[in-house]
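Subject: Structure for you to look at

Hello,

Here is the structure I promised to pass on. Please open it and keep it on screen while you read. My notes follow below.

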Amino acid sequence: MKTELQYKRYSEKSILIEWPPKIDENSLRKILLVKKSVEKFYGKLIVEVVSTYNSLLIYYVSTIEDFYSEVLNLKSLCNAKFGDVLVKNKLWKIPVCYASSLAMDLDVFVRDKNLSIDEVIALHTSSIYTIYFMGFLPGFLYLGGLHEKLFCDRKITPSPKIEKGAVAIGGNQTGIYPVESPGGWHVIGRCPVDFFDPNKEDCCFVNPGDRIQFISISEKKYNEISSLFFHGLYTPEFVFE
Amino acid sequence: MMGKMKLLETGFLTSVQDKGRYGYAKYGVPKSGAMDQRSFQLANLLLGNGENDACLEWIFKGPTLQFDTETVVVLTGAEVDAFLNGVVVKMFTPLLLAKGDVLEINSCKKNVCGYVGIENGFSTKVIMNSRSFFKPITGSSSLQVGDEIEYKKGVNFKSKYASISMPLDKKNIVELDVYKGVEFDQLSKENQLNIFSSSFTISNRMNRMAIQLEEKVFNDASSILSAPVLPGTVQLTPAGDLIVLMRDCQTTGGYPRVLQLAESAINKIAQIRRGGKCRFRLIEW
């Protein structure tokens, strides 16, 4: 069955394509394929294409003069048969230390959920999370796949300061704070690896479509990896799927 | 040859800004850039600069600056009194400075955002294609007393510069051109009409990320899956607040996007003070 897509003018220089509003991996694959072909087709005529769960925002270099002819172009790109395009996505192993000394909300979270720390670790590390897109903060990953036993409403009053590397849960989502920021999520662990470095050519080592799995590490190991990472001697492991 | 400009006094939220950081939204990096792009462009035009040469931006209160070489600067944006070595100078008029000159900029009398353009632009580090300050990218969001910024010393002094005078905007209510936002059609007809027949007040909840309006609106649109947003996007929160996203806004958001400000309207609203009024005027594509 063909999916009905919506093409909407967003601003003077941008057009939004919308898929039906749902979070699923098939839409994600499709959206990422369209994103690639839009980037290839337009090249230097566009500034960027931003993808989210069910949208693509195409931002042009100049004001769009003829919206309808652009939509025709975009339609043909969206309707193209991609066949069995082989997309190589990575599965990353991301170390996380789940210790109260490094995670300010862990004790309260465990108590509120009526779980042991080991149970929280087991649930959080057993899922494989899919990276849908980045937003909110530079390098912040929108991940799908949190176990429903860990769902937890956001704090009523956000914490004024959540440390870089904090692994947290908010609602039905989990994520890693890539930079220090205020935030309303519950911090349950700490990751020694930076997800965003504006001074690197490749500022973020993961991409939408990749997956990640958290690996529980001790505080000693956390300190070790932090120091190695700081000196550029540690890269998270990955396998091609 | 590089010259250096030193901040003797910081003013308020004084930062280096250019057109912004384009091409990195997919990593969640905001566009940033001068809040009032029109005044920023004007500074570069008056100096014969490149269109993306970096300027200083200040909010409400300007900085006091000392230059260690001769150069040319210009003041644009918010209406303000400024003094070169204690003598009043004009805005929108390139000023020839000598080595050691001190430029003092007061608190502005009208508007919000002021700009100091310099010949060839300021040469702070370019990170991700832009010099615009944004803390997670450039390490700080504003300049401090004693900070020194380099600029390429004027190598092409022109014998003549254009200067302009800006007619004062006497309107009490600023008209903002807007397009329908992606979720506009989810609002009831009555609510839609209400948005265009009301005037709105700028609240004190305003910064480089967003400006919240004082008056509440009935919200009959539901939240959406996190989706792309841009500077100029007007979000409607469940509590009925209208939030106008500005240059440092996040790249995605989950509130319904009810309006999109035209680029010209983003520049206009950036210059309205707390308590100032605005009205939305719908324009069709």
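Start with a pair of strands in chain B. Strand β1 (residues 2-9) of chain B pairs with strand β4 (residues 64-67) of chain B. The pairing is antiparallel and runs over four bridges. To find the place on screen, pick Lys6(B): Gln66(B) in β4(B) stands opposite. Bear in mind that this is a predicted model.

Six strands of chain B form an open sheet, in the order β7-β6-β9-β4-β1-β11. The pairing in this sheet is antiparallel. Which strands sit at the edges? They are β7 (87-89) and β11 (148-152) of chain B, and each pairs on one side only. From one strand to the next, the twist averages 30°.

**Where the chains meet**

Chain B touches chain A. The contact takes 26 residues from chain B and 32 residues from chain A. On the chain B side, the elements that give two or more residues are α2 (135-138) and β15 (227-228) of chain B. What kinds of residue make up that side of chain B, by class? There are 16 nonpolar, eight polar and two charged residues.

**Chain A as a whole**

Now turn to chain A. Chain A has five helices and 14 strands. Its C-alpha trace spans about 60 × 40 × 35 Å along the principal axes. Chain A has 241 residues, and 36% of them count as buried. Take the contacts in chain A with a separation of 6 or more: residues 24 or more positions apart account for 61% of them.

**Strand β2 of chain A**

Strand β2 (residues 14-18) of chain A is worth a look. Is β2(A) mostly covered or mostly uncovered? It is mostly covered: four of its five residues are buried. β2(A) pairs with strand β1 (residues 6-11) of chain A, antiparallel, over five bridges. In that pairing, Leu16(A) of β2(A) is the bridge partner of Lys8(A). A hairpin joins β1(A) to β2(A) through two residues. β2(A) also pairs with strand β4 (residues 55-60) of chain A. This pairing is antiparallel too, over five bridges. Here Ile17(A) stands opposite Leu56(A) in β4(A).

Next, find helix α1 (residues 25-42) and helix α2 (residues 67-79) of chain A. Their axes come within 9 Å and cross at roughly 135°. α1(A) and α2(A) are therefore oblique to each other. The crossing is right-handed. Which residues make the contact? From α1(A) come Val34(A), Ser37(A), Val38(A) and Phe41(A). From α2(A) come Leu74(A), Leu77(A) and Cys78(A). By class, six of these contact residues are nonpolar, one is polar and none is charged.

**One histidine**

Last, go to His147(A). This residue is found in the loop between β7 (141-144) and β8 (159-162) of chain A. Is His147(A) buried, exposed or partly exposed? His147(A) has 14 other C-beta atoms within 10 Å, so it is partly exposed. The cut-offs explain the label: buried needs 20 or more such atoms, and exposed means 12 or fewer. Leaving aside neighbours within four places in sequence, His147(A) is in contact with Leu123(A) and Ser127(A). Glu219(A) lies 72 residues apart from His147(A) along the chain, and the C-alpha atoms of the two are separated by 24 Å.

Best wishes

Methods:
Residues are numbered from 1 along each chain as its sequence is written. Chains are lettered from A and ligands numbered from 1 in the order in which they are written. This is a predicted model: local features need pLDDT of at least 70, side-chain atom pairs count only at pLDDT 80 or more; totals for chains, interfaces and linings use all residues. Two strands pair if DSSP finds at least two bridges between them. Axes are lines fitted to C-alpha atoms, for helices over the stretch in contact, and angles run from 0 to 180 degrees between N-to-C directions. Two residues are in contact if their C-beta atoms, placed from the backbone, lie within 7 Å. Ala, Val, Leu, Ile, Met, Phe, Trp, Tyr, Cys and Pro count as nonpolar, Asp, Glu, Lys and Arg as charged, and the others, Gly among them, as polar. Angles under 35 degrees count as roughly parallel, over 145 as roughly antiparallel, 65 to 115 as roughly perpendicular and the rest as oblique. A crossing is left-handed if the near helix is turned anticlockwise from the far one by less than a right angle, and right-handed if clockwise.
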